[in-house]
Amino acid sequence: MEPSDCESCTHVHDVAMEELQERPSHKKVDIDRAIDLMRFAFREGMAFLDNGSGRSFEERMIVDMSEFMVNMLFQGPGVPQRDGPRRMRAITPTIDKDIAHAFVKETRKGVAKELQGDLFGIVLDVCSSPSTFKKYMVLFVRYVNVKGEVVERLLGIVPEPDVYDSGIKAPVDLMLSEAGLSLANVRGQGYGLARYGDEIFTQLKKSVAEASASAYCMHPNAFKLQSTLASASQDRVETYQLFQAVDLLSDLIQGSPQFREKLCSLIKERGLNLDSDIKKQDETCWGSYYEALVKLAACLDPVCDALIFMAEHASRTNEKHMALKVQWAITDDFPFGLLLMRDVLGATNELSLALDRNDLDSKNRMALLQESKKQLLIMRDEGWPSFLKEVNLLCSESDMPMPDLGENFKPRVRLSDEESRTVTNLEHYHIDYFIKVINKQLEELDKRFSKESLELVCLASCLNPRNSFQAFDKDKLIEFARFYPTEFSDTAIGALDLQLQVFIKDVRSDARFHEISALRDLSVKMVETGKNVMYPLVYLLLKLALILPGTAATAKTASSAMKFIDSTMVKEPCNQWISDCLLLYLERDIFESVTNDAVVASLAG
C-alpha cells in the first residue's frame with residue numbers, strides 16, 4: 001500500500017495507535033497478529049488444555065494451529081483482510097490478559113446485539129470450588145432469539161466476588177452496562193443460591209425491582225433442585241462432612257482402579273445387589289447425590305473395609321490419603337446423617353427428576369411439590385421412631401457403635417455457645433439434627449417455589465401446545481398478561497383477547513402444530529410459520545413465559561455451561577484470566593464475530 005493510501009484508514013484507529021506507540025517500550029508486536037493468535041487459543045479453549053473434544057493438546061496444537069496459520073497466510077475465507085500499515089503495540093506482561101478482557105467486553109456487546117433490545121431474564125449464582133473453596137459468581141442472560149429459540153448466554157464470571165452489602169450488585173451492573181443492557185428490560189430473575197442465603201442478592205433484587213416491577217423471581221432449572229437442597233443442608237457440620245465424604249469417595253472410585261476393584265469384590269462376596277456401574281458421571285460417580293446415598297447406605301460395610309484396605313495397601317500415596325480422609329469423616333454419627341439425607345432427598349427425588357426432564361405441566365409439577373412437602377412433614381412429625389430403627393440396623397450391619405441416646409452429646413467440634421450447651425444424644429439427634437434438617441428442606445422448597453412463581457407457571461402453561469393445546473384457557477392467559485402492565489395496557493389486553501380467539505382456532509387446525517408438546521417448541525414453530533407476525537401479542541405473551549427461568553432453554557443452556565464451568569474451576573485457578581477464557585470458549589459463536597478493530601478500540605479505550 002502506498003503512503004498516501006493511509007489517509008483512508010479510520011481516524012479513530014490511527015489516533016489510538018499513535019497514542020499506544022508513544023508509550024516507551026523496547027519491544028513491540030503486530031497487534032493484529034497477536035489478536036489472531038489469541039483468537040485461536042480462546043476458540044480452542046487452550047487455557048484448559050482438555051476442551052472436551054477428546055483430542056490431545058498436542059494434536060490440537062499441531063493440526064489446528066497449522067491449519068489456522070495457513071489460512072491466515074493465504075487470507076482464506078472467514079479471515080477479514082485489513083488495508084493499512086501494521087499496527088504495533090508495546091509488549092507488556094499483561095498483553096494476553098488485556099486482549100482476553102477486550103474480547104470479553106466485545107462479546108458481551110455481541111450478546112446484546114443478538115438480543116436486539118428485546119426483553120430478557122437474568123440467571124445468577126455464587127458458587128465455590130470444592131478443591132480450593134474459592135468463590136465465583138456466574139451471570140447468564142436468558143431471552144428468545146430471532147428464531148424463537150430460548151437461549152441462555154453466559155455474560156460473565158466474577159472470581160472472588162464480595163458477597164456482602166452491594167458486592168454482588170456492582171459486578172452485575174458493570175457486565176450489563178458493558179453489554180449495553182438495561183435492568184428496565186428484565187422480566188425474570190433466577191438465583192441458584194447453591195451455598196449462600198437470599199440476603200446476598202437483596203440489593204440486586206431491589207435494584208431490579210425499582211427498574212422493572214415485572215421482573216419476577218423463579219427457581220432456575222439451570223441449577224438442579226437436588227444439588228441445591230443438598231447444599232442447603234450443609235450449614236451443619238455433620239451434613240457438610242457427610243457430603244465431603246461422598247465427594248471424596250466418588251473421586252476415589254473414579255480415580256483408583258485398585259479401590260474400585262477391591263470394593264466390587266467385597267460387594268460381590270457379600271451378595272449385595274448393587275448397580276455395577278459405579279463409575280457413571282453426574283453429581284457423583286454413583287449418579288445423583290440421592291443415588292449415591294442410597295448405594296452407600298446399602299454397602300457401607302464393604303466400603304469401610306475397602307477404605308481400611310487402601311489405608312494399608314494403597315499403591316499410590318494420594319489414594320491412601322484420600323482413603324484416610326473418608327475414614328476420618330465416617331464417625332459414630334455418620335449413619336444418622338447418611339440415612340437422614342437419603343430419606344430427605346428421597347422425598348423430593350421425583351420432583352427433582354421431573355424438573356430436570358422438564359416434562360411436566362404446571363398442575364402435575366404443583367402436585368409433585370405438594371407431595372414432596374407432605375412426605376417431609378410426615379417424616380418430621382411421625383418418622384423418628386422408624387428412622388431410629390433403621391439407624392440401629394445400619395450400625396449393627398456395619399459393625400459401628402450406636403450412640404447411647406441417654407448419654408450427654410459430645411460434639412467433635414464446638415461451633416458456637418449455643419451448640420456448647422449440655423444436651424443428651426437424643427435431644428441432639430432428634431431435635432437439633434433430624435427436625436432442623438427437615439425444616440431447612442421445607443424452607444428451601446418454599447423459597448424456590450413461592451406462591452407467585454407457581455401462579456405464573458400455572459397461568460403460562462395454558463399456552464402449552466401438548467395434545468392439541470388441551471390446556472388452553474383464554475381467561476387465564478389474559479390474567480397472566482396482566483402481570484405485565486408495561487407490555488399489556490387495557491387496550492392491548494382487549495386486542496390480545498381477540499388474537500387468542502383466532503390463534504387457537506388457527507393452530508388447532510394447522511397440522512404443523514400437531515406434534516409439538518412444549519412452550520419452547522411452540523415459539524420456534526410460530527417463527528417458522530410466520531404466526532409470530534400474525535399474532536404479535538400472543539407471541540409476546542409466549543416470550544414473557546419463556547423468559548422466566550423456570551422453563552427449559554432450547555439451544556444454549558446455563559445448565560450445560562455451569563457443568564463445564566464447575567469442572568474447570570476444580571482443575572484451574574479461579575482468577576480473571578480463566579474466567580475470561582471460559583466465557584470466550586463457551587460463547588465462541590459470538591466471540592468469533594468480534595473484529596480485530598473492535599478489540600483494538602477496546603484496548604485503546
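Is Phe469 buried or exposed? Phe469 counts as buried, because its relative accessibility is 0%. The model in which this residue sits is a predicted one.

## Overall composition

The protein chain contains 28 helices and seven strands. Of its 605 residues, 51% are buried. Among contacts in the protein chain with a separation of 6 or more, 73% are between residues 24 or more positions apart.

Phe469 is located in helix α19. Its phi is positive, at about 60°, although Phe469 is not a glycine.

Gln116 also is not a glycine and has a positive phi of about 60°. This residue belongs to the loop that runs between α4 (95-115) and β3 (120-128). Gln116 has a relative accessible area of 59% and is therefore exposed, whereas Phe469, at 0% relative accessibility, is buried.

## Helix α21

Helix α21 spans residues 490-508, which is 19 residues. From its first C-alpha to its last the helix reaches 27 Å, close to the 27 Å expected at 1.5 Å a residue. The buried residues in α21 are Ala492, Ile493, Leu496, Gln499, Leu500, Phe503, Ile504, Asp506 and Val507. They lie on the same side of α21, because the arc they cover around the axis is only 150°. In general, an α-helix has 3.6 residues a turn, so residues three or four places apart point the same way.

The other side of α21 carries the exposed residues Thr491, Leu498 and Lys505. The packing partners of the buried residues of α21 are α19 (466-469), α20 (474-481), α22 (519-529), α23 (531-534) and α24 (536-547). One of these partners, α19, is the helix that holds Phe469.

## Helices α8 and α10

Helix α8 (residues 237-255) packs with helix α10 (residues 289-298) at an angle of about 85°, and their axes are 11 Å apart. The two helices are therefore roughly perpendicular to each other. On the α8 side the contact involves Leu242, Phe243, Val246, Asp247 and Leu249; on the α10 side it involves Tyr289, Ala292, Leu293 and Leu296. By class, the residues of this contact are eight nonpolar, no polar and one charged.

Which residues of α10 are buried? They are Tyr289, Ala292, Leu293, Lys295, Leu296 and Ala297. Their cover includes α7 (225-232), α8, α11 (300-313), α13 (334-347) and α16 (384-397).

## Ala230 in helix α7

Ala230 is part of helix α7, which is among the elements covering the buried residues of α10. Its relative accessibility is 0%, so Ala230 counts as buried. With neighbours within four places in sequence left aside, Ala230 is in contact with Phe243, Tyr289 and Leu345. Phe243 and Tyr289 also take part in the contact between α8 and α10.

The C-alpha atoms of Ala230 and Met341 are separated by 7.9 Å. Along the chain these two residues are 111 residues apart.

## Helices α2 and α26

Helix α2 (residues 31-43) and helix α26 (residues 576-586) cross at roughly 80°, and their axes come within 8 Å. That crossing angle falls in the range of 65 to 115 degrees, and α2 and α26 are therefore roughly perpendicular to each other. Met38, Phe42 and Arg43 of α2 meet Trp577, Cys581, Leu584 and Tyr585 of α26. The contact has six nonpolar residues, no polar residues and one charged residue.

Ser372 lies within helix α15 (residues 362-382). Ser372 is classed as buried because its relative accessibility is 2%. Apart from neighbours within four places in sequence, Ser372 is in contact with Ala347, Thr348 and Leu351.

Gln258 belongs to helix α9 (residues 257-269). Its relative accessibility is 23%, so Gln258 counts as partly exposed. Leaving out neighbours within four places in sequence, the contacts of Gln258 are Phe309, Met310, His313, Ala314, Ser315 and Glu319.

Notes. Residues are numbered from 1 along each chain as its sequence is written. This is a predicted model: local features need pLDDT of at least 70, side-chain atom pairs count only at pLDDT 80 or more; totals for chains, interfaces and linings use all residues. Side-chain values use heavy atoms; hydrogens and water are left out. Axes are lines fitted to C-alpha atoms, for helices over the stretch in contact, and angles run from 0 to 180 degrees between N-to-C directions. Helices (H or I, at least four residues) and strands (E, at least two) are DSSP runs, numbered from the N terminus. Angles under 35 degrees count as roughly parallel, over 145 as roughly antiparallel, 65 to 115 as roughly perpendicular and the rest as oblique. Contact means heavy atoms within 4.5 Å. Ala, Val, Leu, Ile, Met, Phe, Trp, Tyr, Cys and Pro count as nonpolar, Asp, Glu, Lys and Arg as charged, and the others, Gly among them, as polar. Buried means under 20% relative accessible area, exposed over 50%, partly exposed in between (1.4 Å probe, protein chains only). The expected span of a helix is 1.5 Å times one less than its number of residues. The arc is that of the directions from the helix axis to the C-beta atoms.
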